[in-house]
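Please look over the sequence and the model shown here.

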Amino acid sequence: MVAFGKKLKERQIQEWEGYYINYKLMKKKVRQYAQQIEVGTQDRRHVLKDFSRMLDNQIEKIVLFLLEQQGLLASRIAELNEQQEALQKQPVISQISLLREAYREVGRDLLKLLFFIEINAIGLRKILKKVDKRFGYRFTDYYVKTRANHPYSQLQQVFKHVGLGAVVGAVSRNLHELQEHEGSYLSIYDQPALPFQDPVVDSMKAAVDRLTHSTNFLNFLAQHALIMQEELPTSDEPVDDQKYHFMSLILNLANTFLYMVNTYIIVPTADDYSMSLGAAATVCGIVIGSMAVAQVFSSVYFSAWSNKSYFRPLVFSSIVLFIGNAMYALAYDFNSIAVLLLGRLFCGLGSARAVNRRYISDCVPLKIRMQASAGFVSASALGMACGPALAGLLQTNFKIYKLTFNQDTLPGWVMSLAWLIYLVWLWISFKEPSHVTEESSTVQESTAEPVENDVLEKGLKQPLLLSSEDKRVTEDGDGEFDGSDEAPEEARVSATSIGSAYRLLTPSVKVQLVIYFMLKYAMEVLLSESSVITTYYFGWSTSSVAIFLACLGLTVLPVNIVVGSYISNMFEDRQILLASEIMVCVGILLSFHIISPYTVPQYVCSGLILFVSAEVLEGVNLSLLSRVMSSRLSRGTYNGGLLSTEAGTLARVVADGTITLAGYLGESKLLNVTLLPSLVICIASIVATCFTYNSLY
């Protein structure tokens, strides 16, 4: 990856060069201070005070220039307003066109100023993270708390872009009034519902949205999706992406929703279906897990296929899922467990989640990419809840000719029909984006990791988990190369195989993937064996199991709202990560059958603690994972998104296999035997997390 300092220099507006944050100088000073503290020639307290003064001077330089430019823009707008007043008395079409273009020119200059603020804010956030890492001290917390809320705060000018909203509003209002609306001048305040499309205004709004990043909740959801965005955008980035098509995005999200429904709709009835075919109830582990086994392979070829097309992979996915669900339903009348498993394997081969992520990353404009990423996560969560709920509604039994329709086969028939309808909709409405090539993916940056695009103030308060430096010139946690502003050429090349991608993983990234494996394993054990466990201990019906699983799925979005909007603002990501790991461990411990009788409240409460904690852990873990992963894993077929998907899928395969193997010991021992590996992996991940933090700080 090109060092941030070099990228910053390349994207500076040349005539403003002297007013940007001097990132290179400050980075050099941080290294010097760190060395002086290490050898004992400098007092830590003096260093922090001196560096605070240096930061204050840098911010003051930025803010004074910002105020000067705002004043110049305000003066130009005032002059144009006088001309507009004169034109209202004696309208001249040619003069109105010239005046409109003059306002647009002000808007374009305002865009430069917004870009100036943005890259300075990113540079400031990065240098604060570097100080925290080098000094081993919470300098960011001290600096933000003492500067952000002070009545004379200059930091607020950078992070809140104070006053610029008025300039944006002035340009937007006057451009709107200069439009011809049946010979009258209409105000945006009088008729706000009127559509107003002007490229400059759209660009300004996109720049402001990018600077403020909507809400913490949307950002938190977007991080679940592992969608990559450009960290340091270009000032002339086009707003209207020709590859974007709204209905295609909806179809992409519909595919995500249907696939999650398809995954979980069979969970409440898989044990009953297995027994009806002459197998043990615990064979449900293999039935459920066979879909994940196939997904291990489908993720790779779908990721590669999405380099060239989106429409064809989605069509192929729909056809394979239609066939797979039909085979799943027909297995009952064929009385064949082999047909049942083959049907689920086909369903796994149709997993197009890599395409879903890639489409959002490549084809959705930056200004709405976060909302689209949040939509991806919401569709997944909704599908996870709807799957079991739908299974609970399919409690009937009838025959049409020789085909049986009951609670076991109806999930297959319903999903076959759903995928057939989706295929027709896809064929009619999907628009293939133009110029989808492997080369463009390296520029656009594909589905690897979510961006470090936090709200800027939040980014200050949440330093990242940084990778260790084990080479003379190494890529540190924020993607820079210490010791030089030049990055090796090979650091810009994407991984070409799973092996080369794995070799790019730092110790901290490996820990994050272990955590991801653990939480997916624990969740899969809870969900997949729920029907067998509740039937054995409590005699629950299929409807009761479906309600329980649906309620668990419905907790996903509320939990993310609370964590994304509140908890993440109160605590560091690393603290939430460790706390949620411990709570997952507590949920596993409470689930063990040690004291008889095993009661419904114990199972439900422990399962709820485990599931909710794992959901919190997943969001925070992916957030941290996105920030410490190499930029070479942000594009190409073998990207960070694929690695994390494979880790989660393998966890599901191992968990479902464990359930089936444990079934040979008898249903009475199934619960404790399957929970034991979850507990061991969970404790190992907690130890690895603590060890990683201690080695880095």
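**Backbone and helix packing**

In this predicted model, Tyr 401 lies in the loop that links strand S1 (398–400) to strand S2 (403–405). Its phi is near 55 degrees, a positive value in a residue other than glycine. Tyr 401 has a relative accessibility of 81% and therefore counts as exposed, the cut-off being over 50%.

A positive phi is also found at Asn 335, where the angle is near 50 degrees and the residue is again other than glycine. Asn 335 belongs to the loop between helix H13 (311–334) and H14. With a relative accessible area of 52%, Asn 335 is exposed.

Two packed helices are described by the angle between their axes and the distance between the axes. On the H12 side, the residues in contact include Ile 286, Met 291, Ala 294, Tyr 301 and Phe 302. Among their counterparts in H14 are Leu 340, Leu 341, Arg 344, Leu 345 and Gly 348. Taken together, the residues of this contact comprise twelve nonpolar, four polar and one charged.

The peptide bond leading from Ser 596 into Pro 597 is cis, and its omega is near -5 degrees.

How values were computed: Residues numbered from 1 in each chain as written. Predicted model: local features only at pLDDT ≥ 70, side-chain atom pairs only at ≥ 80, totals over all residues. Heavy atoms only, no water. Contact = heavy atoms within 4.5 Å. Helix = DSSP H or I, 4+ residues; strand = E, 2+ residues; numbered from the N terminus. Nonpolar A, V, L, I, M, F, W, Y, C, P; charged D, E, K, R; others polar. Buried < 20%, exposed > 50% of the residue type's maximum accessible area, 1.4 Å probe, protein only.
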